[in-house]
Amino acid sequence: MVEIKNQQGYDCATEVRVQDNKDGRYKVRYFLKDTGKCQLSVKANEEHIRGSPFAVNAKPRQFRPLLSFGQEGSSVGILAGPYGVSVNERDKIAVTETGNHRVQVFSSDGTYLRSFGSEGNNRGEFNFPAGIAHDTNNNITVVDKENHSVQLFNEQGDYLSQFGGEGNLDHQLSSHCCAFWCDECITAHNMIKANKEHRVLALKDFEDQDIEDVFKRPAFCQQKHHEKEELKFFCKNCDVAICNSCVATIHKGHAKILLEEAASERKLQLQSLIESQKEKIEQKKNKIVELEILCNHIEVRADAVKRNIYKFTKNMIAIIEAKRKEMLNKVELQQKESLECVRTQQYEVKRQVKLLETTVKKTETILKRITNAEITQLLKSLNTVLPEEVNDDENQAASDIVGLRQFRFTENKSLLDSLNSDSIGSFVTFVNKTIAHQSTAEGKGITEGIVGLESHFLLTTRNTEREQCYNERDCVMAEIKNQQGHDCAMKVRVQDNKDGSYEVRYFLKDTGKCQLSVITNKEHIRGSPFTVEAKPRQFRPFLSFGKGVSSVGIFDGPYGVAVNERDEIAVTETGNHRVQVFSSNGTYLRSFGNEGDKQGEFNCPSGIAHDRN
């Protein structure tokens with residue numbers, strides 16, 4: 001007998017079971033209910049066994065997430081307001097969404113399978129679906145919160161039935177008519193003479209037996225004068241249900257069996273047909289899912305190409321714009337310099353004009369006042385006032401201005417022709433059967449590695465059928481980053497085996513946890529990113545020799561070491577001021593040097609190395 005009680009003396013375990021192995025041993029199992037210290041009493045023939053009672057420490061159960069999937073959105077496979085969840089016996093996960101008013105079904109690893117329902121109040125539609133559950137036939141029951149109803153669907157999401165509604169309905173059932181009547185119509189129903197013997201019962205008064213009776217109601221013959229006879233047989237010749245009277249009259253001599261037998265046979269046939277159709281439906285729906293996933297892939301890849309085209313053309317435009325600004329700046333600078341020069345010349349000419357105008361005016365005044373003799377003498381004075389250099393300066397200024405006014409832009413016709421004739425890039429489409437989320441990686445390299453030693457794993461690209469496939473256009477890459485987002489591996493190499501498999505090798509640099517991202521055609525493969533534990537490298541001594549004295553073959557303060565191409569080991573000694581040479585197994589070969597400051601002598605020799613000779 002086994003008892004488990006807490007410190008207050010109450011039972012703190014459930015389902016205590018003792019299994020007799022028939023050999024003097026007993027397997028005892030139990031489930032603890034509460035945390036804390038308990039007393040486990042184990043008795044044989046009402047006496048405690050050795051050590052009983054035992055002190056049992058009831059610890060809380062530790063949970064860790066096994067799987068997480070989904071993100072916010074309205075596309076298939078992502079969620080908006082997930083509310084209820086249910087898992088069937090095949091581990092398929094059904095989730096209700098209050099935001100998208102639908103139910104989505106996922107596999108046990110979170111892969112999207114199908115969805116059903118949309119916003120509305122018709123059959124198969126939802127308004128904030130909440131609770132969800134599977135029955136033993138894998139049918140799915142959904143609580144439609146705002147439509148005040150419960151809807152039933154088969155495993156594929158096809159609508160089957162529903163019940164409920166807002167408010168209280170007081171309808172009544174006529175068992176003979178097999179129909180429901182409201183309060184107004186039931187009055188008219190009861191007034192008909194033929195319905196006098198019909199049993200009418202309000203829904204609120206229904207009991208389990210009444211519901212059973214409704215479903216077990218008999219079916220009656222449709223032949224004239226046979227209306228009150230139940231259908232009890234099945235005519236194989238005519239393929240129709242018949243009554244007792246039909247057996248002796250219309251179907252006399254025909255092959256007949258009981259109606260229940262015929263119904264059982266037909267039911268089996270229908271069930272077989274239904275199962276085959278369900279399989280086809282499942283295949284079709286899986287195909288729809290695959291096509292939907294393919295559509296998403298096409299959209300993602302097309303968007304990536306569009307972004308690359310936009311980025312490339314934006315860079316081209318930016319370069320052209322920079323060149324345009326550079327050239328305009330040159331023109332504006334030259335324009336400014338030319339204008340300054342011209343305006344300086346203009347100012348100088350204006351000054352000269354003003355000076356000449358003043359001189360001319362004075363000369364005209366003099367001419368009016370002097371005599372003829374004075375005029376002959378005045379010419380010499382005028383030549384000094386108006387030197388010929390003024391005319392030369394004007395000619396030079398005019399020549400300079402003409403030179404400064406010349407501006408010209410020469411087009412790069414070869415560049416323009418190249419842009420007109422050549423494309424800015426190339427765009428090709430090709431069929432690629434590789435599906436990233438179906439591709440797999442296996443090997444120790446996706447879970448652990450040792451710093452300084454090569455880690456590796458095998459990547460296998462697969463198609464929609466999860467079969468290994470190869471495409472020479474596939475782009476495969478691997479990245480290993482630490483928790484700070486920095487690279488924590490070097491020499492990452494991907495070897496293409498040309499058969500849909502790739503050997504990926506790398507060397508870890510630091511210890512700790514890393515994230516290994518394995519990407520095919522810019523998409524993570526199944527399980528990526530992986531968590532890799534980078535462990536420190538463990539070393540063990542391969543050979544040890546020598547001890548601390550001054551004789552040959554032993555050491556006093558060994559410091560530097562070097563090994564040549566013949567595996568001979570040279571060691572410097574700071575204590576004995578010499579170099580000793582040993583074979584690869586530690587056997588003494590020779591030594592050279594002693595304490596001193598002359599050639600071939602040492603004073604605490606340290607570093608040592610071999611060259612190619």
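Student: Which strand holds Y26?
Tutor: This is a predicted model, where local features need pLDDT of at least 70 and side-chain atom pairs count only at pLDDT 80 or more, while totals for chains, interfaces and linings use all residues. Residues are numbered from 1 along each chain as its sequence is written, and side-chain values use heavy atoms, without hydrogens and water. Strands are DSSP runs of E with at least two residues, and helices are runs of H or I with at least four, numbered from the N terminus. Y26 is found in strand β3.

Student: Is Y26 buried or exposed?
Tutor: Buried means under 20% relative accessible area, exposed over 50%, and partly exposed in between (1.4 Å probe, protein chains only). Because its relative accessible area is 53%, Y26 is exposed.

Student: How much accessible area does the nonpolar patch with Y26 have?
Tutor: A patch takes residues with over 30% relative accessible area and no salt bridge, joining like charges within 9 Å and nonpolar side chains (Val, Leu, Ile, Met, Phe, Trp, Tyr) within 5 Å; a salt bridge is a side-chain nitrogen of Lys or Arg within 4 Å of a carboxyl oxygen of Asp or Glu. Areas come from the Shrake-Rupley method with a 1.4 Å probe, counting only the protein chains shown as cover for residues. β2 (13–20) and β3 (26–32) each supply at least two of the patch residues. Together, V16, V18, Y26 and V28 have about 350 Å².

Student: Which residue in β14 stands opposite S149?
Tutor: Five bridges join β13 (residues 149–153) to β14, and the two run antiparallel. The residue opposite S149 is G164.

Student: What is the phi of D91?
Tutor: Most residues other than glycine have a negative phi. D91 lies in the turn of the β7–β8 hairpin, with five residues between the strands. Its phi is positive, near 65 degrees.

Student: Is H577 buried or exposed, and at what relative accessible area?
Tutor: H577 sits in the loop between β31 (569–573) and β32 (578–582). Leaving aside residues up to four places away in sequence, H577 touches several residues, including F602 and P605, with contact meaning heavy atoms within 4.5 Å. H577 is buried, because its relative accessible area is 10%.

Conventions
Pairing = 2+ DSSP bridges.
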